[in-house]
Amino acid sequence: AVVSTQSTGGVSVLYVDFGNSEQVKLTALYKMPNTLLSIPVLAVPLSPSSISVPETWSEDCINKLSEHLYMDAEMTVKPVSWSSEGKCEAEVMVGGVCLKSVIGEFVENTNPDWVPQEVPETAAADIPAEAAAEDVPAAAPAADLPHFTYQKLGDGPSELWVSHANGPDDFSDQKEERGAELETQQEQVRAAETPVQSSP
């Protein structure tokens, strides 16, 4: 994890291998071993390609998105371009449905050749209970990660699963086979046990 903001009550950290943020106490922080800084982070930050991003997303858009984009949802991603920050803009299919089509009525398409796909209604029973109850917040500002590089996907379709969603233009995914690699990295961090600040 990296520290994105700091306040008197603690710090906000971004878990780079998952994409989510959390407020923690300073005494809970441990220094990351230098050997891990050269390893690309496991989460791939994604956004549907060719959309105009508003300052804020409407509640209706967030609700529609959460029907399809929830933790552990499986998706197929075909990269279109990569931003200088490492975010992948891609053609995203979730459960055989084009994600851009899902939120199409709420976003401005910037690709004149794009043809929306008909989106079937999602029954409540098809959504995991924990996903149906979870709100997907509007996109948060990305933390500056000068010491990390991102995983790259191949040009063709890649099978991924959602690790965290901040909003329609900002969600993170992982390849399933990276689970063992993540466990190894977590063990290395725990083994280092070098606190940033000792308890008073």
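1. Two strands are taken as paired if DSSP finds at least two bridges between them, and the strands themselves (E, at least two residues), like the helices (H or I, at least four), are DSSP runs numbered from the N terminus. On that basis β1 and β2 form a hairpin with two residues between them. Strand β1, residues 2-7, runs antiparallel to strand β2, residues 10-14, and five bridges join them; V2 stands opposite L14 in β2.

2. A word on the basis of these remarks: this is a predicted model, in which local features need pLDDT of at least 70 and side-chain atom pairs count only at pLDDT 80 or more, whereas totals for chains, interfaces and linings use all residues. Residues are numbered from 1 along each chain as its sequence is written, and side-chain values use heavy atoms, with hydrogens and water left out.

3. Strand β11 covers residues 170-174, and five of its five residues are buried, where buried means under 20% relative accessible area, exposed over 50% and partly exposed in between (1.4 Å probe, protein chains only). Both faces of the strand are covered, with D170, S172 and Q174 buried on one side and F171 and D173 buried on the other.

4. The partners of β11 deserve a separate remark. Strand β10 pairs with β11 in the antiparallel sense over five bridges, and a hairpin joins the two through two residues; within this pairing, A165 has F171 as its bridge partner. Strand β4 is also antiparallel to β11, to which three bridges join it, and V44 stands opposite D173.

5. In the loop between β4 (44-48) and β5 (51-52) lies S50, a residue that has a positive phi of about 55° although it is not a glycine. I would look at this backbone angle in the model. S50 counts as partly exposed because its relative accessibility is 22%.

6. Which residues of helix α2 (residues 59-66) are buried? They are C61, I62, L65 and S66, and they lie on the same side of α2 because they cover an arc of only 130° around the axis, the arc being that of the directions from the helix axis to the C-beta atoms. The face turned away from this buried side carries the exposed residues E59 and D60. Among the elements that cover the buried residues of α2 are α3 (99-102) and β10 (158-167).

7. S158 has its place in strand β10 and counts as buried because its relative accessible area is 7%. Taking contact to mean heavy atoms within 4.5 Å, and not counting residues up to four places away in sequence, S158 touches M75, T76, V77, L153 and K175.

8. Where a disulfide is a pair of cysteine sulfur atoms within 2.5 Å, the count comes to zero disulfides.

9. For ring pairs, the centres of Phe, Tyr and Trp rings (for Trp, its six-membered ring) must lie within 6.5 Å, and planes under 30 degrees apart count as stacked, over 60 as edge-to-face and the rest as tilted. By this rule the model has zero aromatic pairs.
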